[in-house]
Structures are given as structure tokens and as C-alpha cells.
Amino acid sequence: MATILRLLPACSRDVLAACAVAGSLAACTQNTGTFKHDDSDPGTDSDSGPFDTGTVDTSDTDGDLDDDGYTPEEGDCDDSSVYASPAREEDTNDGADNDCDGRVDEDWTGVDVAYYNSAGSSSIFSLDAIGRVTDEYTLDNSCGPVWLDHRDGPLSDGTDEWVINNNYAAVAVVARDGTCTDVGDFSDADVYPYGVFGVAAGLDGTIYAATLDNLVVVAEDGTLTSVASWKCNFEAVADHELAAYSLAVDPSTGVVGLFGYFGAFATYDPSSGVFTLLAAENWETSTLNTFSGAHKDGGGWYSPAVDGATGAYGIYKFNLEEASWVQQEEWSDEDWAPFMLAIDGDEGDYYVTANAGWFYTVWRVVAGDGYAAQLYSSDGTVQSRAFYGIVSNY
Ligand SMILES: [Ca+2]
Ligand SMILES: [Ca+2]
Ligand SMILES: [Ca+2]
Ligand SMILES: [Ca+2]
């Protein structure tokens, strides 16, 4: 009782009057929310009251146990630590996921890029944060990387293998000595009339592939299993939902994002097996072509897209409430057609492969002001090559 009385000055005169009417100080506590006085952990003040009582918390009903302003539903990935919430910066040395993006102690170091060659050996090369080539891996001649992801998925440490779309016909795993092994054969046109497009690895290393009309899991023994399908019909636009062209994975939830070629967007949650079509597309009157995409750490699905009416390019984000794409950045140089996207999860900047004639580039588009500059470019001497898939390294 003494401790409660000590807090009375915090109660305004009017509130106290209301308390008197209600007949108890307990009512005052509940009505005003000014002071809660129970804790679940003796020695630590874990509720929103000003002190620790060492008794079990039965009154902290706001769901934010560590009082950092976020409940677990609002994205607090550790509701027992004020050093973890969506509002915090990552501390790269404490072994915890401070910014609640699913990555622990992450530090973005650059990108890996698929360097496709239609007339010789392709490669995968690594760029550091200022555009220097730090590694290049020459692939078998049988191997043409289009889409590219880390074999270990979004939480890769950057030393693993890659998973690629091999010439639109197969999914292959590429070792760091350049050995390329097909693990999924999509060349049977009766089963896969469109071939195969985007590939991505999930949190547990599951390999996903997009075939326009199915999401397929590729087992390393070559077994292909459709885990979701939808209407993809280029004969009747009214009977068409989605032409899934690219995939990305949310590192905090493992949810797979499916980017339709004509602006559709869908998700697949491996933990529940639920496929959700969030926006369908119309290939006859397409307003936006979203042929690739990536997930931004901390939330959001993004695509380097082209406006179907004006032909203008930009970086777009999928607005989950409105179920539509919203432009975030303009693409300033129309000579360069953006193709695929990686995002620096620390700064939020966009890295886009783009090709123009014989020149192939990786652009950095600065988040928030749209400033774009070439991070790296080919020398323009080889016609048969192009930069395609791109993935971030941490
Ligand atoms: Ca919290
Ligand atoms: Ca927290
Ligand atoms: Ca993190
Ligand atoms: Ca950390």
C-alpha cells in the first residue's frame, strides 16, 4: 500500500475523483494506465510501471513486455530485450538480431552477379560495396546462369554454393569451383510448357522454382513437387491470374514472394502451405511489368518494374493494404533496361542489373532520393554476354 501511495501524485485530481467514484485504487490503475505494478521477473522491471515488485505480472496487458514500443505482433522479435526491435540498428557484434529483420549481426558486403554468356563460358562474380570485383567463378560450358540465389537461402554466410536457373530449362547448383550440376529438369514441355524462370532457396535450404503456373520444390535427387498452382492462361485473359516469373524469400519468416510478369503478386508460406494471390494481373492491359523482385530486410517486396502505359522504369514496392504496386524511385536513364534486383538490407539501397546494347551494368539506386550510378560495368566488347541474376552478400 505504501508503494501505491507513493505514486499518487502521478494521478491527476480528476482521475482521483473518478477513482473515488469507482471505489478503489485498483480501478484507478486500470482506468488510467498510469501505473502498473506487477512484474514477472524479480529484479527486472519488465512492465510499463516505474519499479520492480518481484511478483507475477497479471496486469501487463499491452503485450509489449520489454516496453520498447513494439509487441511481437508489431515486429518485436525478442520481447524480453530492449536491444531488439524494428526501431533498432543492428549491432554486428552481440550475436542477436537487433533490428528484427531475421539476420544476426549482419553487415552487407556487396553482391554476386550472374554473368551469362550465350557463346562460351559464363561466370558468377562478386562485387564489394564500392564495385570492385573480388572473385569470379568461371562455370562449365553447359551452364548459363539466368536467375541466381545463394544455395543456403537468405541467411547464407556468402561462402555457400549458388542455385541458378540454367538456360531456362533446368535448375542447377553451382559450386565455388564453377562445377554446375543440374538438379531439376524442366525441359519436358508437356509438363512444363513454359519452362522454368525464377529460383530461390528458402530458410531451410528448400529450392523453389517458378514455372509461370506453378511453384515447384526441387529436391536434390531431381524430384519436382508442385506446392502451389494458379490460373495462367494466355488464351483467355479473364481466366488468368498470375504468370510467376521471379521469386524471393523473406529472411525473417521464410515466406516466398512470387512476382508476376504483368504486375501480379502472391506469397507462399512454407510453414502453413498457404498460397495467397494478393494481386492478379491482366496481360492484355498490363499497367506494370514486374519481371523480377526482392525482399527488403525489415519488410516489403520490391520490383524494378516498367510502367505498361508510359514505358518508364522505376523501383516499386508492393503495398499489402492496397494490394497494388507503388513507385518508390524513378529510374533516370531510359537507355538502360533494368532486369533483376538485390537490396542492401542495411542501407536499403537497390542494386539492379541492366543491359544496353553490348554494355552490361550493375546500378546502385540510393533509397529515398532515387540517385542512381553505375557500380560496375562491362567494357562493351562482348556481344554474347549479359548481367542477369543478382543477390546480396552479408
Ligand atoms: Ca517489446
Ligand atoms: Ca524487444
Ligand atoms: Ca538483424
Ligand atoms: Ca546483432
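The protein chain contains three helices and 25 strands, where helices (H or I, at least four residues) and strands (E, at least two) are DSSP runs numbered from the N terminus. The model is a predicted one, in which local features need pLDDT of at least 70 and side-chain atom pairs count only at pLDDT 80 or more, whereas totals for chains, interfaces and linings use all residues. Residues are numbered from 1 along each chain as its sequence is written, while chains are lettered from A and ligands numbered from 1 in the order in which they are written. The pLDDT, which is the predictor's confidence in each residue on a scale from 0 to 100, averages 87 over the protein chain, and 85% of the residues score at least 70. Over residues 1–43 the pLDDT is below 50, and this stretch has 50 contacts in the model beyond near neighbours in sequence, two residues being in contact if their C-beta atoms, placed from the backbone, lie within 7 Å.

Of the 394 residues of the protein chain, 42% count as buried; a residue is buried if 20 or more other C-beta atoms lie within 10 Å of its own, exposed if 12 or fewer, and partly exposed in between, with C-beta atoms placed from the backbone. Among contacts between residues at least 6 apart in sequence, 41% join residues at least 24 apart.

An open sheet of four strands has the order β3-β2-β1-β25 with antiparallel pairing, two strands being paired if DSSP finds at least two bridges between them. Its edge strands are β3 (133–138) and β25 (385–393), each of which pairs on one side only. The twist averages 20 degrees from one strand to the next, where axes are lines fitted to C-alpha atoms, for helices over the stretch in contact, and angles run from 0 to 180 degrees between N-to-C directions. Within this order, strand β1 (residues 110–117) and strand β2 (residues 123–128) pair in the antiparallel sense over six bridges, and Ala114 stands opposite Ile124 in β2.

Strand β4 (residues 145–150) is mostly covered, six of its six residues being buried. Four bridges join β4 to the antiparallel strand β5 (residues 162–166), and Leu148 stands opposite Ile164 in β5.

Strand β22 (residues 350–356) is also mostly covered, with five of its seven residues buried, and antiparallel partners are found for it in β21 and β23. Six bridges join β22 to β21 (residues 337–343), and seven join it to β23 (residues 359–365). Asn355 of β22 is the bridge partner of Ala337, and the bridge partner of Asn355 in β23 is Tyr360. The hairpin of β21 and β22 has six residues between the strands, and Gly348 there takes a positive phi near 85 degrees; in the hairpin of β22 and β23, which has two residues between the strands, Gly357 takes a positive phi near 60 degrees.

Ser246 and Leu212 are 34 residues apart in sequence and 8.9 Å apart in space, C-alpha to C-alpha. The C-alpha atoms of Gly257 and Tyr302, which are 45 residues apart along the chain, are separated by 9.8 Å.

Most residues other than glycine have a negative phi. Tyr168, in the loop between β5 and β6 (170–174), has a positive phi near 65 degrees, and this residue counts as partly exposed because it has 14 C-beta neighbours inside 10 Å. Ala323, which is found in the loop between β19 (313–319) and β20 (324–330), has a positive phi of about 55 degrees although it is not a glycine, and Ala323 is exposed, with 12 other C-beta atoms within 10 Å.
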